[in-house]
Amino acid sequence: MNNTRAKIPLVLLLFLVVELTLLDRLRVFGAGPDAMLLLAVVAGIVGGPRAGALFGFAAGIVLDLFLETPMGLSALVFCLVGYAVGNIQGGVLRAAWWIPILTTFVASVAGELLYALVATVVGQPHLVTIHLLIVATVVGVFNAVAAPVALRLVRWSIETPERAFA
Amino acid sequence: MAVYRRSTRHRFLLVLLVLTSITVITVDVRGGGGGAMESVRRAARDAFAPVQSVADDVINPVSDFFGGLFRYGHIKAENSRLRRQLAEARGRADASANNDRELQKLLALQNLNFAGNIPTVAARVVATSPSNFQLTVEIDKGLPAGIQKGMPVVTGAGLVGRVLSVSQERATVLLLTDPSFNVGVRLSGSGDVGVARGNGTRQPLPVDLIDVGSKVAGGEVVVTSGLQGSVFPPDIPVGKVRSTKVQPGSLQRDLTIDPIVDLTRLDFVKVLLWQPKAVLP
């Protein structure tokens, strides 16, 4: 259990460093991947609604430190997305390999749209435009491609000793 | 029953997290950026600055190496083009040095301010925004260099944007293509003034309030107007006219400009240590 507690912040930090140093170079049609949203989605897939909401909140609040949008905005959106993914994924026990990838795509697109919507509500106009659809699609594709690696990392971080030996 | 209780607990956790987020958002928005959230943000950015520098030192040579491999021909052609342009520019600089001296003398006589006289701080662009919704870049100079919120950022060619937030090690610059960016501009030919606003990355900037009757040439340079209370000093080049037309029945001319600076390939920028005279609301 102690082991797990050290592994989760480690994975969180790894995603943050990758997001802030590597992924800001990747731009297609002016949009790039969103590693922190990916973390929320994947945690929902692997660990259910509880892990999805917690990972989403933590990933969002850490990312918010480096954005100019109001603090807590990404935290709110990501924890909702993580929770929703966890609830949907809970019904599927042994899924085919492509189901997590498809889930990541759909959840990432939905997450970006929700983000723009909530941002508009808290007084950040200019986000809901045609460009938003392009951004959401690009993020969805990037995140879906990165999903298998992220799944493995998150599974490694939250697996409890009981499960590891079972 | 157990399943039911578990899902209620999860819902409770979600509600708790959502309420926490909303509280944080409210505090940040109400605090107007000056409060506790701002200092937490600054601390986080300063703490991350060394990590970013190390990562850049590792990643840049690798990406440059591969970039150089795959684009060798392009880089060679670009190099010879740049050499030619440099030679031309040197010639022109020599010629204009004399004019500059005369202008300075005249300006000094008239007690006028000129953008060329404002002290600047050179900085390197170390990162672009991690967000898909804000067009910003991070530069490697902060408060100790004298940078303050709202200062204009330029390159040798023209306007880049303005400083959005500053910490000890870093400053965040809002690019002029960001949809929340506005700048008062003046047409260099006719002298008519208008307002240019950002419209997203690689998109031309629409200019509002230009009179139907004003004469505009394609490719004409548009500079900051620097009118009283403006957030930018006058005469910084902003862009070149891309298209112009008058819709029948319209009260203003449809005008779009392309930024003069290539904002997708920023490397070094200069922060003008200049703040508007009027107090911003």
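Buried means under 20% relative accessible area, exposed means over 50%, and partly exposed lies in between (1.4 Å probe, protein chains only). The model is predicted: local features need pLDDT of at least 70, side-chain atom pairs count only at pLDDT 80 or more, and totals for chains, interfaces and linings use all residues. Residues are numbered from 1 along each chain as its sequence is written, chains are lettered from A in the order in which they are written, and side-chain values use heavy atoms, without hydrogens and water.

**Exercise 1. Find which side chains of strand β7 of chain B are buried.**

Step 1. Locate the strand: β7(B) covers residues 193–197. Strands (E, at least two residues) and helices (H or I, at least four) are DSSP runs, numbered from the N terminus.

Step 2. Sort the side chains by face. Gly194(B) and Ala196(B) point to one face, and Val193(B), Val195(B) and Arg197(B) point to the other.

**Exercise 2. Describe how β7(B) pairs with β6(B) and with β8(B).**

Step 1. Apply the criterion: two strands pair if DSSP finds at least two bridges between them.

Step 2. Take β6(B), residues 182–187, which is antiparallel to β7(B) with five bridges. In one of these strands, β7(B), Val193(B) is the bridge partner of Arg186(B).

Step 3. Look at the hairpin of β6(B) and β7(B). Five residues lie between the strands, and Gly191(B) has a positive phi near 80°.

Step 4. Take β8(B), residues 205–208, which runs antiparallel to β7(B) and is joined to it by two bridges. Here Asp208(B) in β8(B) is the bridge partner of Val195(B).

**Exercise 3. Identify the residues that touch the most other members of the largest nonpolar core.**

Step 1. Define the set: buried Ala, Val, Leu, Ile, Met, Phe, Trp, Tyr and Cys residues joined through side-chain atoms within 4.5 Å.

Step 2. Name the residues. The core has 62 residues, and Phe15(A), Met36(A) and Leu39(A) touch the most other members.

Step 3. Find the elements. Those giving two or more residues include α1 (2–22) and α2 (35–64) of chain A and α1 (2–31) of chain B. The most, 18 residues, come from α2(A).

Step 4. Follow Leu39(A). Beyond its neighbours within four places in sequence, its contacts (heavy atoms within 4.5 Å) include Phe15(A), Phe55(A) and Val154(A).
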